[in-house]
Each structure stands twice: as structure tokens, then as C-alpha cells.
Amino acid sequence: MSVAHDIMFNLNPNALIGTEDSTAVMIEDVADPDGRMYRMEYQSTPDSRHATARCLSNPWGGKTGGDSNPLRSHIFSDGTLCMGRGRTSLFGSPFDLADVIQRSRYWCTAFSVLKETGRFPQP
């Protein structure tokens with residue numbers, strides 16, 4: 001197992017964790033505070049230094065919940081989350097795996113707030 005797999009297991013031992021094309025992958029379900037479910041996918045380099053996240057489904061419909069403005073919703077049309085530096089490839093990501101997972105879990109709640117209020121909350 002790689003460093004990334006260890007981190008994934010420690011953050012969610014019940015998630016689907018594996019390897020695809022030498023990339024560590026984790027798929028987990030995340031609930032917002034009201035119990036609405038999101039399915040998230042994280043990809044990481046084996047050393048966990050570079051990671052990305054993608055929303056596979058959300059309670060608002062599809063990958064993006066019908067919101068096509070990534071500046072407002074922090075999600076691109078393919079479900080990739082914007083972590084704050086625009087779209088990046090896995091190896092170009094400046095964010096490590098643990099940070100990406102925590103930011104993505106926050107995004108799930110923030111996206112629900114956006115859908116309910118029209119505003120994406122700022123931490």
C-alpha cells in the first residue's frame with residue numbers, strides 16, 4: 001500500500017479504495033448536515049502530495065446539480081471540484097490528499113447552502 005492509500009483508509013475505512021493506472025483512488029459518500037448524500041471521488045499520487053476531487057453525484061441532480069458556473073459553485077461541468085486555483089491536472093495540483101478530502105467534504109455542505117440560499121459560503 002502507498003502513503004495515499006494509508007491516508008484514505010485512515011480518513012474513511014468504509015470507502016471504496018483502490019488503484020487505477022498507478023493512481024490511488026477513493027470513492028466515498030458524504031452527507032451534508034441535512035442528510036443529503038453526495039458521492040465523491042478522490043485521486044492522488046501514491047505519495048499523497050498531489051490530489052484532485054470529483055463529484056460523481058449529488059442530491060441536486062447529476063454531477064453539477066445544474067449549476068454551470070464554476071466561479072459560483074466551485075465545480076466544473078465534468079464534476080471536478082475547483083479547489084481555489086482553477087482546473088488543474090492531478091500532477092499539477094498544489095493540494096495534498098488530506099487537504100483535498102477535507103475541502104471536498106466542506107464543499108458538499110457549501111454546495112447545499114448555495115442551492116438553498118443562492119450564496120456559496122466562505123470559510
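**From one hairpin to the whole chain**

Start with Asp 21, which takes a positive phi near 50° in the hairpin of β1 and β2, where two residues lie between the strands. Before going on, a caution: this is a predicted model, in which local features need pLDDT of at least 70 and side-chain atom pairs count only at pLDDT 80 or more, while totals for chains, interfaces and linings use all residues. Residues are numbered from 1 along each chain as its sequence is written, and side-chain values use heavy atoms, with hydrogens and water left out.

Strands here are DSSP runs of E with at least two residues, helices are runs of H or I with at least four, and both are numbered from the N terminus. Two strands pair if DSSP finds at least two bridges between them.

β1 and β2 (residues 23–31) run antiparallel and are joined by five bridges. Glu 20 stands opposite Thr 23 in β2, and Ile 17 has Met 26 of β2 as its bridge partner.

Now the sheet. It is open, with four strands in the order β1-β2-β3-β4 and antiparallel pairing. β1 (16–20) and β4 (51–57) stand at the edges with a single partner strand each, so one side of each has no neighbour in the sheet. On average, neighbouring strands are turned by 25° against each other, direction ignored.

What lies across β2, β3 and β4? Helix α3 (residues 97–117) does, running at about 155° to β3 (37–44). For angles, axes are lines fitted to C-alpha atoms, for helices over the stretch in contact, and the angle runs from 0 to 180 degrees between N-to-C directions; contact means heavy atoms within 4.5 Å.

Finally, the chain as a whole. The protein chain has three helices and four strands, in the pattern α-β-β-β-β-α-α along the sequence. Its radius of gyration is 14 Å, close to the 14 Å that the globule rule gives for 123 residues, so the chain is as compact as a globular protein of that length. That radius is taken over C-alpha atoms, and the rule is 2.2 Å times the number of residues to the power 0.38. Along the principal axes, the C-alpha atoms fill a box of roughly 40 × 30 × 25 Å.
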